[in-house]
Amino acid sequence: MANAQFGTLAYYALWGDVVMFYDKFGSAGGLYELGNVISGGEHIKNMSGTIQIKKV
């Protein structure tokens, strides 16, 4: 994936992490875009911690 932007939700295959960008980011191998924020983006920068995502 190239040029992730604010609000991009992506999967980083090298670490097995899902990330949401709060600023511009260049590109990285193994980074796959999953989607983008639709609303509430102003809260992203203040978020911290870990969330667990389960496939059901």
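**View 1. Tyr12 is buried in this predicted model, at 18% relative accessibility.** The value for Tyr12 falls under the 20% cut-off, and Tyr12 is therefore classed as buried. The model shown here and in the views that follow is a predicted one. Tyr12 forms an aromatic pair with Trp15.

View 2. Two aromatic pairs are present in the structure. A pair of aromatic rings is described by the distance of the centres and the angle of the planes.

**View 3. Strands E1 and E2 form a hairpin.** Four residues lie between E1 and E2. Within the turn, Gly16 has a positive phi of about 70 degrees. Strand E1 covers residues 8-12 and is joined to E2 by four bridges. The two strands run antiparallel, and Ala10 stands opposite Val19 of E2.

**View 4. Three strands make up an open sheet in the order E2-E1-E3.** Strands of a sheet pair through backbone hydrogen bonds, either parallel or antiparallel. In this sheet the pairing is antiparallel. Strand E2 (17-20) and strand E3 (31-36) are the edge strands, each pairing on one side only. From one strand to the next, the twist averages 25 degrees.

**View 5. A nonpolar patch on the surface is formed by Tyr11, Val18, Tyr32 and Leu34.** Together these residues have about 390 Å² of accessible area. Tyr32, one of the residues in the patch, is placed in strand E3.

**View 6. Ser39 lies in the segment after E3.** With 61% relative accessibility, Ser39 counts as exposed, because the value is over 50%. Ser39 and Leu14 are separated by 25 residues in sequence. In space, the distance between Ser39 and Leu14 is 28 Å, taken from C-alpha to C-alpha.

Note on methods
Residues are numbered from 1 along each chain as its sequence is written. This is a predicted model: local features need pLDDT of at least 70, side-chain atom pairs count only at pLDDT 80 or more; totals for chains, interfaces and linings use all residues. Side-chain values use heavy atoms; hydrogens and water are left out. Two strands pair if DSSP finds at least two bridges between them. Axes are lines fitted to C-alpha atoms, for helices over the stretch in contact, and angles run from 0 to 180 degrees between N-to-C directions. Rings of Phe, Tyr and Trp (its six-membered ring) pair if their centres lie within 6.5 Å; planes under 30 degrees apart count as stacked, over 60 as edge-to-face and the rest as tilted. Buried means under 20% relative accessible area, exposed over 50%, partly exposed in between (1.4 Å probe, protein chains only). Patches are made of residues with over 30% relative accessible area and no salt bridge: like charges are joined within 9 Å, nonpolar side chains (Val, Leu, Ile, Met, Phe, Trp, Tyr) within 5 Å. Accessible areas come from the Shrake-Rupley method with a 1.4 Å probe; for residues, only the protein chains shown count as cover. A salt bridge is a side-chain nitrogen of Lys or Arg within 4 Å of a carboxyl oxygen of Asp or Glu.
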